[in-house]
Amino acid sequence: MRIPLYIEKYDDGRSSRLKRASHLGREVNWSDRVPTLWKDLTIGPLWVDVNRDPESGAERWMGYDEDEQPCYCRYRFEVAMGTLNNEGNGLYREDLAAWRMRDGRWLIHRIIHSQADEKAAYAFYAFSESMPR
């Protein structure tokens with residue numbers, strides 16, 4: 001499903017759109033997890049393709065720039081811990097967001113919940129030469 005996504009400011013000189021992004025009636029903020037230091041160095045998407053699997057609770061978002069190149073991706077999924085190690089009844093959950101930087105690298109923010117305790121999570125930022133798959 002292709003969803004138009006307009007950002008508040010697209011500063012590469014090609015356009016200046018002042019529209020709000022929405023998906024299913026909710027505003028989409030693709031940059032909410034980008035650190036302030038790197039916010040101006042990321043490329044914002046103009047639209048997003050969304051793929052969902054309601055049965056497994058997984059979803060993947062792919063954002064594209066004006067040249068129809070990927071510049072944003074996000075995925076979320078969860079797996080019952082018993083299917084991974086035959087122990088426990090918790091969930092393994094992962095939420096990843098990544099943005100293409102103006103120099104071609106990808107900034108990745110990953111949050112991992114791997115215990116039954118909802119408050120226990122591991123989160124980190126990393127750079128990559130390629131888009132996460």
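Predicted model: local features only at pLDDT ≥ 70, side-chain atom pairs only at ≥ 80, totals over all residues.
Let me start with cysteine 73, which is buried, with a relative accessible area of 0%; by buried I mean under 20% relative accessible area, by exposed over 50%, and by partly exposed anything in between, computed with a 1.4 Å probe on protein chains only. Residues are numbered from 1 along each chain as its sequence is written, and side-chain values use heavy atoms, with hydrogens and water left out.

To stay with the cysteines for a moment, how many disulfides does a search of the whole structure find? The search returns zero, where a disulfide is taken as a pair of cysteine sulfur atoms within 2.5 Å. Cysteine 71 is in no disulfide, and the nearest cysteine sulfur to it, that of cysteine 73, is 9.8 Å away. Cysteine 73 is likewise in no disulfide, with the sulfur of cysteine 71 as its nearest, at 9.8 Å. Cysteine 71, at 0% relative accessibility, also counts as buried.

Leucine 96, leaving aside its neighbours within four places in sequence, is in contact with Arg33, Cys73, Arg74, Tyr75, Ile108, His109, Arg110 and Pro132, a contact being heavy atoms within 4.5 Å.

Now to the pairing of strands, which requires that DSSP find at least two bridges between them. Strand 4 (residues 47-53) and strand 5 (residues 58-64) run antiparallel and are joined by seven bridges. Asparagine 51, for instance, has arginine 60 in strand 5 as its bridge partner. In this hairpin, which has four residues between the strands, glycine 57 takes a positive phi near 75°.

Turning to charge, side chains of opposite charge can pair when their charged atoms come close. A search of the whole structure finds seven salt bridges, each defined as a side-chain nitrogen of Lys or Arg within 4 Å of a carboxyl oxygen of Asp or Glu.

One of them joins the side chains of aspartate 95 and arginine 33, at 3.0 Å from N to O. Because aspartate 95 lies in strand 7 and arginine 33 in the loop between strand 3 and helix 1, the pair ties together parts that are 62 residues apart in sequence. Aspartate 95 counts as buried at 15% relative accessibility, and arginine 33 counts as buried at 13%. Arg33 and Asp95 are also linked with Arg74 in a network of salt bridges.

Is arginine 52 buried or partly exposed? Arginine 52 is partly exposed, with a relative accessible area of 39%, whereas glutamate 59 is buried, at 14%.

The last pair is arginine 110 and glutamate 94, whose side chains meet in a salt bridge at 2.9 Å, N to O. Arginine 110 lies in strand 8 and glutamate 94 in strand 7, so the pair ties together parts that are 16 residues apart in sequence. Glutamate 94 counts as buried at 5% relative accessibility, while arginine 110 is partly exposed at 26%. Not counting residues up to four places away in sequence, arginine 110 touches Tyr92, Glu94, Asp95, Leu96, Tyr122, Ala123 and Phe124. The C-alpha atoms of arginine 110 and leucine 96, which are 14 residues apart along the chain, are separated by 4.4 Å.

Key:
Helix = DSSP H or I, 4+ residues; strand = E, 2+ residues; numbered from the N terminus.
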